[in-house]
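Please keep the sequence and the structure in view while reading.

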Amino acid sequence: NSLNERDFTDYNLSFSYIHKFSDAGNLTFKADHLGVDSDDDGLQRYRYVGGDHTEYNHQNDVKNRLTTLSADYTHRFKALDGRLSVGAKATWLDNENKTDYAFYQNGELDRLTSYSDPYRYEEEVYALYAKYAFTFRRLGLSFGVRMEDARISPQSVTNPERNHVSRYTDFFPEVRLNYNIHPQKGHNLNLSYNRGLSRPMMESLNPTVRRTGEYSYSMGNPWLEPAYSDRLELTATLFHNYSLNVRYTRFENHSFSLSEERDGILYS
């Protein structure tokens with residue numbers, strides 16, 4: 001027998017303003033705040049042929065706040081049909097997650113595997129970026145770079161001794177080249193490169209120790225680092241209808257596992 005109930009509320013407030021200095025340039029300000037509140041309650045009961053029964057009671061309250069501020073300036077140049085874009089952006093993410101998990105065996109609470117986890121995840125990202133694009137006859141070229149400074153803070157109330165704050169400063173370049181071999185016949189060549197980033201999920205960083213049995217437990221790793229990728233893509237188009245796409249992606253994501261047997265017990 002199972003019962004699941006979820007209450008969900010979200011709200012959003014946005015603001016944008018565009019100021020035109022001239023026909024060639026404009027400045028855009030944007031602000032956005034998103035709030036999400038959810039309450040998940042789950043109950044599962046199992047009754048077995050022999051008469052034993054177990055019960056899992058799971059409650060999860062989440063408050064999520066995301067705020068972003070950005071300013072972008074764009075300027076067009078008549079020479080080479082050029083366009084310059086520069087900007088800055090700040091993002092603040094605050095996630096409060098309170099989990100209560102209770103396991104009952106024949107009506108008795110199993111205190112070993114039951115736990116309460118007030119977990120808070122905070123993320124601050126500050127970015128500066130610039131991009132320039134121009135066209136010369138049949139050739140189009142754009143190149144840019146993004147500098148990003150991030151502060152990641154997973155905080156456990158249950159296991160505060162394992163809390164850890166990480167900070168990263170990285171650069172992410174991008175280049176795109178487009179060449180119209182024959183505009184009338186529809187022959188075109190496009191080549192692009194960009195560097196990407198993938199951060200660990202907030203739950204994977206949670207340092208709380210959760211026991212699933214007398215000898216088994218699981219926990220997140222707040223020292224996990226982001227994974228980086230390099231992506232190169234080539235697209236050739238013929239006669240407007242036929243295209244050949246070749247893509248190469250290099251993605252670094254290291255992981256390992258350990259096992260050791262001591263005194264007849266296997267630790268993994």
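Accessible areas come from the Shrake-Rupley method with a 1.4 Å probe, and for residues only the protein chains shown count as cover. By this method the chain exposes about 18,300 Å², and carbon and sulfur atoms supply 53% of that area. The model is a predicted one, in which local features need pLDDT of at least 70 and side-chain atom pairs count only at pLDDT 80 or more, while totals for chains, interfaces and linings use all residues. Residues are numbered from 1 along each chain as its sequence is written, and side-chain values use heavy atoms, with hydrogens and water left out.

The chain contains 15 strands and zero helices; both are DSSP runs numbered from the N terminus, helices being H or I with at least four residues and strands being E with at least two. Its radius of gyration, taken over C-alpha atoms, is compared here with a globule rule of 2.2 Å times the number of residues to the power 0.38. The value for the chain is 26 Å, well over the 18 Å that the rule gives for 268 residues, so the chain is more spread out than a compact globule. Along the principal axes, the C-alpha trace spans about 80 × 45 × 35 Å.

Of the 268 residues, 26% are buried. Buried means under 20% relative accessible area, exposed means over 50%, and partly exposed lies in between (1.4 Å probe, protein chains only).

How many salt bridges does the structure hold? There are 16, a salt bridge being a side-chain nitrogen of Lys or Arg within 4 Å of a carboxyl oxygen of Asp or Glu. One of them joins aspartate 117 to arginine 210, with the closest N and O atoms 3.4 Å apart. Aspartate 117 lies in strand S6 (residues 115-136) and arginine 210 in strand S10 (residues 210-211), so this pair ties together parts that are 93 residues apart in sequence. Aspartate 117 is buried at 1% relative accessible area, whereas arginine 210 is partly exposed at 21%.

A further salt bridge links arginine 231 with glutamate 233, at 3.3 Å between the closest N and O atoms. Here arginine 231 is partly exposed at 31%, and glutamate 233 is buried at 16%. Arginine 250 and glutamate 252 also meet in a salt bridge, at 2.9 Å from N to O. Arginine 250 is partly exposed at 41%, and glutamate 252 is partly exposed at 32%. Elsewhere, salt bridges with shared partners join Asp94, Arg120 and Glu122 into one network.
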